[in-house]
Amino acid sequence: MGAVLWTDKYKPRTLSEVVGNEKAKSKLLEWAKAWKEGRIPEKKAAFLYGPPGTGKTVTVEALANDLGFELIETNASDFRTEAQIKRVIGSAAQAASLTGKPRMLLFDELDGIVGTADAGGLKAIMGIVKQARCPVILIANNPWDPKFRPLREMCMMVEFKRVGKRDIMKHLQRICEREGIRADRKALAFLADRANGDVRSAVVDLQAVAQGKKEITYEDVAWLGMRDRKKEIFRVLGNIFHADKCSRALAAVKEAEVDLDMLFEWIYENVPRAYKDPRDVARAMDALSRADMFKGRIIRTQDWGLGRYITTFMTAGVAMAKEKSKPGFVKFSFPERIRYLSRGRSERELQMKIAEAIKRRCHVSTKEAREKIMPYLRVIFQNNPEMAAGLARWLDLDEEAIKFLTADAKRAKEIISLLKAS
Ligand SMILES: Nc1ncnc2c1ncn2[C@@H]1O[C@H](COP(=O)(O)OP(=O)(O)OP(=O)(O)O)[C@@H](O)[C@H]1O
Ligand SMILES: [Mg+2]
């Protein structure tokens with residue numbers, strides 16, 4: 001992996017390069033234009049909110065750039081006390097810029113500010129909004145925290161939604177063109193799908209699989225595994241468990257773009273739920289163990305041609321295992337082996353915690369830690385257990401953080417035991 005992150009290299013510089021969220025963008029543009037033309041809008045602050053990686057921060061940067069504002073950007077969670085905020089930002093809301101350019105104030109990542117001991121930070125921001133003579137923009141993932149209420153009331157709320165698959169593909173396609181990579185549409189569709197509306201993670205994934213290549217195919221991306229796409233998985237599971245012919249069970253998988261490793265876990269978890277007769281369950285488990293055997297062989301020999309056997313055992317093998325059982329409605333459950341990854345604290349909290357650890361060690365802002373360093377950490381944690389263990393020690397990461405970074409139970413275990421052994 002090269003030193004430059006594609007999320008930086010291909011960060012939109014102008015609004016037209018920001019994909020998706022057309023409504024949010026034009027609402028914001030109207031509002032900022034009013035400021036530019038000296039008409040102070042009714043709401044002096046705009047509050048952008050929505051899930052990670054949808055382009056909130058870049059939209060503001062691009063907007064400032066397009067309209068010629070000087071953007072004064074603060075990561076709110078790095079300033080926690082009223083005094084700090086006032087000292088750093090307070091005057092910026094008033095004074096004219098040295099260059100004579102109009103100013104725009106941005107408080108990013110407000111989520112970090114609630115829940116901290118000092119509630120003064122929010123108070124200071126509200127004070128700044130009230131007195132502001134320039135546009136103020138606030139960003140948070142979740143604006144519905146009760147502590148934000150007074151702030152919400154003084155802001156124009158702008159929602160950012162998960163970015164649609166087509167828009168993500170468009171962005172990925174553009175990157176591929178500029179990198180001189182020929183990309184299979186199916187591969188890009190897979191990446192876009194897997195990102196679930198998060199453009200940042202789609203770009204990080206693309207770089208992980210495509211860097212240094214001239215061409216990427218579906219096979220190149222499939223190993224990334226699918227995030228929990230429940231509906232699709234349920235449909236495929238239903239088709240497998242209810243199939244009365246091998247071909248039907250096989251077709252269930254071929255039509256769907258589900259990741260085979262993930263599907264394996266789902267089938268494994270749900271065989272005992274779908275089949276009532278213990279002998280049927282045993283036969284199905286036997287088929288699964290054969291699938292697993294081929295999986296091992298493929299990993300050792302890199303002979304991907306064996307992949308079709310995995311599919312056959314997983315689907316036809318499991319479907320044909322039911323001699324006595326007639327599965328009716330099955331309430332599928334999420335694979336236990338993967339479940340614990342999604343347990344506990346929210347993803348966001350974990351992200352923040354890891355970012356804090358990086359910040360302490362590397363002396364960067366939490367924002368930089370999250371955007372520039374964490375993506376690398378993920379790649380290392382997913383691919384190099386020894387190095388990951390060393391980093392985990394250095395950053396003093398706990399087991400939960402390690403699981404989060406690997407997103408893979410087995411890998412996490414490996415790293416944790418290395419950590420304990422050293
Ligand atoms: N809509 C988009 N169009 C193009 N690139 C995007 C878009 N959204 C995100 N990106 C890419 O992902 C990176 C991160 O985006 P950004 O910082 O704007 O996300 P965010 O919505 O602010 O997320 P967070 O809530 O985590 O702060 C950008 O630098 C850019 O490379
Ligand atoms: Mg952001």
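**Salt bridges and their surroundings**

The structure holds 24 salt bridges. This is a predicted model, in which local features need pLDDT of at least 70, side-chain atom pairs count only at pLDDT 80 or more, and totals for chains, interfaces and linings use all residues. Residues are numbered from 1 along each chain as its sequence is written, chains are lettered from A and ligands numbered from 1 in the order in which they are written, and side-chain values use heavy atoms, with hydrogens and water left out.

Q: Why is the pairing of E70 and R103 called a salt bridge?
A: The term requires a side-chain nitrogen of Lys or Arg within 4 Å of a carboxyl oxygen of Asp or Glu. For E70 and R103 the distance from N to O is 4.0 Å, and the pair is counted as a salt bridge. E70 lies in strand 2 (residues 70-75) and R103 in strand 3 (residues 103-108), so the contact ties together parts that are 33 residues apart in sequence. Helices (H or I, at least four residues) and strands (E, at least two) are DSSP runs, numbered from the N terminus.

Q: What makes E70 partly exposed, and what makes R103 buried?
A: Buried means under 20% relative accessible area, exposed means over 50%, and partly exposed lies in between (1.4 Å probe, protein chains only). E70 has 26% relative accessibility and is therefore partly exposed. R103 has 16%, so R103 is buried.

Q: How do you know that R182 and E215 form a salt bridge?
A: The closest N and O atoms of R182 and E215 are 3.0 Å apart. R182 belongs to strand 6 (residues 182-183) and E215 to strand 7 (residues 215-216), 33 residues apart, and the pair links distant parts of the chain. R182 has a relative accessible area of 58% and is therefore exposed, whereas E215, at 39%, is partly exposed.

Q: What separates D286 and R290 along helix 14?
A: These two residues are 4 residues apart in helix 14 (residues 278-301), which means a separation of about one helical turn. D286 and R290 form a salt bridge whose closest N and O atoms are 3.1 Å apart. D286 is partly exposed at 37%, and R290 is partly exposed at 39%. Elsewhere, salt bridges that share partners join E73, D108 and K367 into one network.

Q: Why is Q351 called buried?
A: The relative accessibility of Q351 is 9%, so this residue counts as buried. Q351 is placed in helix 17 (residues 347-362). Not counting residues up to four places away in sequence, Q351 touches R370, M374, R378 and F404, where contact means heavy atoms within 4.5 Å.

Q: Which residues lie nearest the centre of the second largest pocket, and which helix gives the most to its lining?
A: G53, G55, V58, R200 and E371 lie nearest the centre, among 33 lining residues. Helix 18 gives the most, with 5 residues. A pocket is an open set of points on a 1 Å grid over the protein atoms alone, where a 1.4 Å probe fits, with protein on both sides within 12 Å along at least five of seven lines; lining residues have an atom within 4 Å of a point.

Q: How do you know how far to trust residues 340-345?
A: The pLDDT, the predictor's confidence in each residue from 0 to 100, stays under 50 over residues 340-345. For the protein, the mean pLDDT is 84, and 86% of residues reach 70 or more.
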